[in-house]
Amino acid sequence: MPCRPDTLASTLSRHVPLSNSRLETLVVVVLGLVCGRTVNLSHIAGHFRGPARLASNYRRLQRFFQFVRLDEDWLARTLVVLLNLRPPFQLCLDRTNWKLGAKDVNLLVLCIAARRVRIPILWTVLDDGGGSSMQDRMTLMERYLAIFDAASIRILLADREFIGNQWFEFLVKNNIPFAIRVKENLIVILEDGRVASLASLTRRRPSRRQLAVHKGRFEGMQQRFAGTLCFAAKRRNDGTMIIIATNCEPNGALAAYKRRWQIECLFGDTKTRGLNMEDTKLTQPAKLSLLMAVVALALAWAHACASATKGHANIARASHGYRRKSWFRTGFDALRHWIASHPDRAS
């Protein structure tokens, strides 16, 4: 994917099945997201070139979100190609939500998290502000498997919200490797037939360096899933216990789970640290899904620009050890600088 804005339209035209007029509008929306750091349509309307009045441009954007639908499953393949990502992928699953007046905006998002890239590839707009159901998650993963298959997954990472016997059975049946944090009060049936809570199995592990590993299944899972899960635990410095349910090697699963934070960073990129998705006034699921698709294209563009800007070099680190900028922010700032320096070519 090119990093220069003046080649964005030509690149997207090879991948996005839209008419020239709709494609031009899509490019303006992406440019407006980057320049204005907001998804608010009234701000984006000011980035159209030509003699049209601001009100006309705003109405054009409204029609775009009313009538255009970008197939998300197709977009997932396109994002992987544009960013030159290679399987197997590390996947992260989580929700992001906010309030628009009394209305809850709630999205279940599956992202690919690589060393330099974190990008949403599939998502579902949920009906309310609560957690996702097991059926929501399974449907999302079925869509993924229809596009890429289970062999493309290195590991799926998720937090304590994403539990449930039917959900774990689905993951095991479909050969999806996973590392999911679980609650201490869950009851498990071990290989030797013992029934115990995870809290009782980890109670006598006072040292942070000690690793407790048990094999079994959750109470309520079918007998044929006996011994298919490992439960690995490690104590943090603050005394809290991290317990991971996995169908992988437990030491590797605990290490992999640390990288789940990348989807939290992704949500920061889409919201307050980047594109401010909370500014949207859209609430209809189809329109929100299209907005998420446009945001994903803007994120991919920023990551591609960061790679073009830095090449194989690393971003400088501050004294505390963390990078001074994320890869997203490096590309995002470079794009905004280029657009500001070449306003006549940013189209």
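Predicted model: local features only at pLDDT ≥ 70, side-chain atom pairs only at ≥ 80, totals over all residues.
Start by selecting glutamate 24 and arginine 60. Their side chains form a salt bridge, with the closest N and O atoms 3.4 Å apart. Now colour the helices around them: glutamate 24 sits in helix H2 (residues 20–36) and arginine 60 in helix H4 (residues 54–67), so this pair ties together parts that are 36 residues apart in sequence. Glutamate 24 is partly exposed at 43% relative accessibility, while arginine 60 is buried, with a relative accessible area of 19%. That value puts arginine 60 in the buried class because the cut-off is under 20%.

Next, pick aspartate 104 and lysine 99. Here the salt bridge runs 3.3 Å from N to O. Lysine 99 counts as exposed, at 52% relative accessibility; aspartate 104 is partly exposed, at 27%.

Then jump to helix H12 (residues 327–341) and show the side chains of aspartate 333 and arginine 329. The two meet in a salt bridge at 3.1 Å, N to O. They are four residues apart in the helix, so about one helical turn separates them. Both partners are partly exposed: aspartate 333 has a relative accessible area of 23%, and arginine 329 comes in at 21%.

For the last stop, select Asp94, Asp159, Arg260 and Glu264 together. What links these four residues? A network of salt bridges does, so show all four side chains at once and trace the contacts among them.

Notes. Residues numbered from 1 in each chain as written. Heavy atoms only, no water. Helix = DSSP H or I, 4+ residues; strand = E, 2+ residues; numbered from the N terminus. Buried < 20%, exposed > 50% of the residue type's maximum accessible area, 1.4 Å probe, protein only.
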